[in-house]
Amino acid sequence: MIFPPVRRMSVDAQRRNFLRTAGAAAVASALPLAPWSNMAAAATQEGFTPDVEIELVALPDELQLLPGRPTGVWRYAGRVLKGPADALQTIAGSYAGPIFRLKTGQKVRVRFKNQIPQPSIVHWHGLIVPEQMDGHPRHAVPPGGEYLYEFEVRNRAGTYWFHPHPHELTGTQVYGGLAGLFLVSDDEERAARLPAGERDISIVLADRTFDAANQLVYEGAMSGGMMGGMTGFFGERILANGLPSLSFPAAAGAYRLRLLNGSNSRIYRIVRSDRKPLIAIASDGGLLAAPDTRPFVVLGPAERAELWIDFHDESAGSRIALIAEPLDFGGPGMGMMGGMMGGMMGQRRGRAPQPAAPQPFALFTVSRSGDRQVLPPRLAELAPAIAARELQRREFAITLGHMRWGINGRTFDMDDVAPDERVRFDDTEVWEFSNRTSMMAMPHPMHVHAVQFRVLDRLGTPPGLHGLRAGFLDGGLKDTVLVLPGERVRVLLSFNAFRGLFLYHCHNLVHEDMGMMRNFRIT
Ligand code: C2O
Ligand code: CU
């Protein structure tokens, strides 16, 4: 069976979904070569000599994920055409990946081929690349189309990722399996001498619902009806790299564990099964200045965290798991939020998120004693974030109108840039994301392209949610920040990399696909 399944969609929604997809493809293929394929016209940039060249194909496939029938998925298949073979790492038996492994300063060329039956385009989440390379929906290529990427890796070492970004279909395609990590290393990271090789583990968490025939079920912006789009999509099972759980025979040493929340809507609280604290060493945009010990880590959609997990004082045979506890806002599965959010959620209507059980997603069995590895007290040069008074300030209010989420009352328009969405190249600004709509209380993971920003402060956190703040890695570089209901989160951004048209949006992919996204222009 081919993804996407339509089992739970209404007939009307199926028709709309089909018409949109087919319509977009028909329009695109009626155009001459240009804007949907830059391959033929541009070929390659003058003077661009890639260090690494990769072919990346989005294609339908079937995988044995559960006992019984194989599951229809969409996934990326990658191949190194030039450069070191270990620039790509595949995850056996999984739709997740492949994992890119590159170094700061390397020039990369990616030949993207779209072989799924919908328009698509790749966005390099967290990487700072020129406008034409950023995967804006207006660059989506139709089924059979190709897109050529050429860029230099400018970001510092960190755990970035890539996923599709086509108009109204991002959630469907990510859910189908199209997402991979993009790991960058640099000299500063090497100097920190973090666990490497087998002790550098990457895990993408994501929730999925399967039907009785083991096929993926998705109710996105179009298929879930207007009400479904208000909350998002919440899968019944939490998977790690597309699998129910991962086991590691662990030496009694230290591990570097990279985590991405690749879910469309679900938020997790990450804890150790023995309730020992977690030591965070990196956030979205790379290493923190110093290790940061937390009782738990909260990850909203698209956020990353890197943990230092140390087993040196565990005896051989101990079993320790990392657990992803779903944090659900509203509905029967709301768990710890239940009592706290009661009042605010009173006005909530519509389909309740489906509950998911806490999932021990990584199981470590300490098998032998290992070398004691010392946690470096300093990890990276990262100045404290301070906003000078004279900086330009903007407010981006999360709004709800006509049953659609918006930003400052607006929804996505392919080319539109409002006057308050124009920023000057090289400026540093303070943006405030405020989540104070009285209509419906829910968190929104706000993401900005073309920058890595710093979180200045969180104001107005409701007392009932204050406890969650212990799990936010707000001290590091960020490209996505979870804004809780009632909060105003202020971030500091410098637009000093590229001029052009870029996106900012909610990374709850159901919200994004329904239009909770806008352009901004750097000129
Ligand atoms: Cu991860 Cu605009 O996206
Ligand atoms: Cu949202």
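Strands here are DSSP runs of at least two residues in state E, numbered from the N terminus. The model shown in all views is predicted.

**View 1. The loop that holds Asp-426.** Asp-426 lies in the loop that runs between strand 24 (422-423) and strand 25 (428-434). The phi angle of Asp-426 is near 80°, a positive value in a residue other than glycine. With a relative accessibility of 52%, Asp-426 counts as exposed, because the exposed class begins over 50%.

View 2. Asn-214 is a residue other than glycine with a positive phi, near 70°. The relative accessible area of Asn-214 is 10%, so this residue is buried. Asp-426 in View 1, by contrast, is exposed at 52%.

**View 3. The cis peptide bond at Pro-98.** The peptide bond that joins Gly-97 and Pro-98 is cis, with omega at about 0°. Pro-98 belongs to the loop between strand 3 (88-89) and strand 4 (99-103).

**View 4. The copper ion (ligand 2) and its donors.** Three residues coordinate the copper ion (ligand 2): His-444 through ND1, Cys-506 through SG and His-511 through ND1. The distances from these donors to the copper ion are 2.0 to 2.2 Å. Along the chain, the donors of the copper ion (ligand 2) follow the spacing H-x61-C-x4-H. Cys-506 has a relative accessibility of 0% and therefore counts as buried. His-511 is buried too, its relative accessible area being 1%.

**View 5. The surroundings of Asp-479.** Asp-479 sits in the loop between strand 28 (477-478) and strand 29 (480-483). Its relative accessibility of 0% is why Asp-479 counts as buried. A polar contact of 2.7 Å links the side chain of Asp-479 to the side chain of His-125. When neighbours within four places in sequence are left aside, the residues in contact with Asp-479 are His-125, Gly-126, Asp-284, Arg-304, Met-446, His-447, Val-448, Val-451, Gln-452 and Phe-453.

Methods:
Residues are numbered from 1 along each chain as its sequence is written. Chains are lettered from A and ligands numbered from 1 in the order in which they are written. Side-chain values use heavy atoms; hydrogens and water are left out. Helices (H or I, at least four residues) and strands (E, at least two) are DSSP runs, numbered from the N terminus. Buried means under 20% relative accessible area, exposed over 50%, partly exposed in between (1.4 Å probe, protein chains only). A polar contact is a pair of N or O atoms within 3.5 Å; within protein, one must be able to donate a hydrogen and the other to accept it, and residues adjacent in sequence count only if both atoms are side-chain atoms. Contact means heavy atoms within 4.5 Å. Donors are N, O and S atoms within 2.8 Å of the metal (3.2 Å for Na, K and Ca); water is not among the atoms, so sites may look incomplete.
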